[in-house]
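Here is a briefing on selected local features of one protein chain. Please look over the sequence and the structure first.

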Amino acid sequence: MASQVLGLEEETGPNPGESELAVNPFDGLPFSSRYYELLEQRRSLPIWAARFIFLEQLESSPSGVVLVSGEPGSGKSTQIPQWCAEFVLARGFQKGRVTVTQPYPLAALSLALQVADEMDLTLGHEVGYSIPQEDCTGPDTLLRFCWDRLLLQEVASTRGTGAWGVLVLDEAQERSVASDLLQGLLRDARLGNLPGDPRVVVVTDPALEPKLQAFWGNPPIVHVLGETGRCPTPVYRDTVPTDRVEAACQAVLELCRKEAPGDVLVYLPSEEEISLCCESLSRDGGSLEDQGPPPRVLPLHPGCGQAVQAVYEDVESGARKVVVTHWLADFSFSLPSIRHVIDSGLELRSVYNPQIRAESQVLRPISKCQAEARRLRATGILPAPEALMQALEDLDYLAALDDNGDLSDLGVILSEFPLAPDLAKALLASCEFDCVDEMLTLAAMLTAAPGFTRPPLCAEEAALRRALEHVDGDHSSLIQVYEAFIQSGADKVWCQARGLNWAALCQAHKLRGELLELMQRIELPLSQPAFGSEQNRRDLQKALVSGYFLKVARDTDGTGNYLLLTHKHVAQLSPYCCYRSRRAPARPPPWVLYHSFSISKDNCLSIVSEIQPQMLVELAPPYFLSNLPPSESRDFLNQLREEMADSSTGSESPSTQELGDACVLQ
Ligand SMILES: Nc1ncnc2c1ncn2[C@@H]1O[C@H](COP(=O)(O)OP(=O)(O)OP(=O)(O)O)[C@@H](O)[C@H]1O
């Protein structure tokens, strides 16, 4: 028996009646009554029957790899990590601890909370999590839930396979790039050749089992049987109001009025619509008094932080739960109480468009298959080879690659940052242009709280929002919002009055701290705050252009139609852009740099700031400008480059000095 092989008890803790003094082997403290309560629930999960066979396979797998395949909700994500913890405990922690990857940070956080509770251990001590805004682990952490991209980054950074005895790659069917890469690296490294006899557990939905089985060369497989009859019932409609949020709200209220029992899951494409839907349902829920307590409306998206656990909690009043979510719930959240699914049939996804060289928010209909997968939560996409080539080209423009196509020294430093390469480059450039303090804030805001979360609801809110706008553009506005937030003492009410997402701003604060720590660790030079000064304004623009020269657009005729420089694509400024909400000047800025481009929302450029073309010529690599597709703007820039080179020949003008500065990072 596996338990004998491992020297483990039949179960980590016996039933309460069997031994009142049973202690938790992980912290040496007696088990609480909650532990036993949860143990009862765990024992009823379909996966429980596979516990012994799993431990046996983990012990004896010749390749060190075990594949676990089972239906959503069968208990894989919550139970397998605990059994792996028992495995490393039985080995006396001599051969490393347990790391579990998740494709979404919020899922890693949520699982850590749940598993710590189930194991009767303290979060942040024995059980922890690592996600971009937070590292909640300590020296005693034996079981760590980690966003897969962070683990990949650790692996790349240490140039090893990492410090773990058992690695669980959960939700492999999601085919996240990081998870696929980790599997590729581990297979090539051959576990048997690695010190410490490490184990890898790959957990997947049955749909991907055959592929993974072939990929790993027929490892032992643990099959978990699913429960039948637990699938929610989707409600499809042909004719709905054009306003999706209104349509979803109406459908929820109708269900409540009909008193159809069970919780409701609503899918809307964007976080903005999720927030609006939740607000509207909370407002209108009062009209359902005759039908018992008003429903408990819960948003579920990456901005929710630890509040996400509310989707699993029972509502004391017995009220119905209405969980409003998007793609996040397709894969990572098993909500067994759901009986009704209201699906808008659309999703808003960040998609890298290699033609436009931009990460775009694309609103697209989901397929019938995908709608089915929303119930069974099993899909995956792979990046197209074309997109990979473009990504390499962009890394090359950012000077992150050397002549052999490997990471350059600069590329190695960029890869240390949990940021997109353009943003990491801008942050690194800020060391050179003495504006690290401001750029740190901006990097954190662009990552955790990009832009305002929703349009202002009333004139008062709009006026308070406008007061936070900065004359230099959206980037400086973000810095201003952050500084005002900190001055308010991170006040929730202050945020609510302005329609700002308090949780996202708190995350930005944490992330800023993490980035600062990282910069100090790798001994990058820091600079004093100088936001608002003329010099700082120019420095900040230079740092931004150094990273974002690939995302520049030009309005050639003052109509507000911007031509992307890297592609003949026309886009407009987003309605929330500060240049659009201003009464004057009427003419939009001719040259702008943008953070993101969304095809879905009327071709909108979001987070936009004006730049001067001279700066672009100074800071973008010359071969990037030469490689631009033919356009009036390309000719203009190349002519400007020649003029600037001529005028600086032989003279020590400020622009020669600046040109010299720019070359350091190129
Ligand atoms: N973070 C959490 N907090 C509270 N309960 C949870 C949490 N995650 C899962 N559960 C509950 O634990 C049970 C088992 O879910 P689990 O996620 O382990 O299944 P799974 O087989 O991994 O499903 P999936 O493939 O969807 O992740 C379910 O009843 C689920 O509702």
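The side chains of R144 and E154 are joined by a polar contact of 3.0 Å. The model is predicted.

- R144 lies in strand β5, which covers residues 143–147.
- Its relative accessibility is 15%, so R144 counts as buried; the cut-off is under 20%.
- Leaving out residues up to four places away in sequence, R144 touches V98, T99, V100, G128, S130, T137, L151 and E154.

**Helix α5**
- Helix α5 runs over residues 105–119 and has 15 residues.
- At 1.5 Å a residue it should span 21 Å, and its end C-alpha atoms are 21 Å apart, so the two values agree.
- Of its 15 residues, 12 are buried, so α5 is largely enclosed by the rest of the structure.
- The buried set is L106, A107, A108, L109, S110, L111, A112, L113, V115, A116, E118 and M119.
- D120 follows α5 and has a positive phi, near 65°.

**Helix α7**
- Helix α7 takes in residues 177–189, 13 residues in total.
- From first to last C-alpha, α7 reaches 18 Å, close to the expected 18 Å.
- Buried residues in α7 are A178, S179, L182, Q183, G184 and L186.

**Helix α9**
- Helix α9 has 14 residues, 244–257.
- Its reach from first to last C-alpha is 20 Å, close to the 20 Å expected at 1.5 Å a residue.
- At its start, a side-chain oxygen of D243 comes to within 2.9 Å of the backbone nitrogen of V245.
- V245 is itself buried, as are A247, A248, C249, A251, V252, L253, L255 and C256 of α9.
- The cover over these buried residues includes β10 (263–267), α10 (271–284), β12 (321–325) and β13 (338–343).

**Aromatic pairs**
- The count of aromatic pairs comes to 11.
- One of them joins Y104 and W327; this pair is tilted, at 5.2 Å centre to centre and 40° between the planes.
- The pair links distant parts of the chain, with Y104 and W327 being 223 residues apart.
- Y104 sits in the loop between β2 (98–102) and α5, and W327 in the loop between β12 and α11 (328–331).
- Both Y104 and W327 are buried.
- How are the rings of F215 and W216 arranged? Their centres are 5.4 Å apart and their planes are at 85°, so the pair is edge-to-face; the cut-off for that class is over 60 degrees.
- F215 has 28% relative accessibility and therefore counts as partly exposed.
- W216 is buried, with a relative accessible area of 8%.
- Y397, F549, Y623 and F624 make up one aromatic cluster.

**Charges over rings**
- The charged end of K492 sits over the ring of W502, at 4.6 Å from its centre.
- The charged end of R554 sits over the ring of F636, at 5.0 Å from its centre.

Methods: Residues are numbered from 1 along each chain as its sequence is written. This is a predicted model: local features need pLDDT of at least 70, side-chain atom pairs count only at pLDDT 80 or more; totals for chains, interfaces and linings use all residues. Side-chain values use heavy atoms; hydrogens and water are left out. Helices (H or I, at least four residues) and strands (E, at least two) are DSSP runs, numbered from the N terminus. The expected span of a helix is 1.5 Å times one less than its number of residues. Buried means under 20% relative accessible area, exposed over 50%, partly exposed in between (1.4 Å probe, protein chains only). Contact means heavy atoms within 4.5 Å. A polar contact is a pair of N or O atoms within 3.5 Å; within protein, one must be able to donate a hydrogen and the other to accept it, and residues adjacent in sequence count only if both atoms are side-chain atoms. Rings of Phe, Tyr and Trp (its six-membered ring) pair if their centres lie within 6.5 Å; planes under 30 degrees apart count as stacked, over 60 as edge-to-face and the rest as tilted. A charge sits over a ring if NZ of Lys or CZ of Arg is within 6 Å of the ring centre and within 35 degrees of the ring normal.
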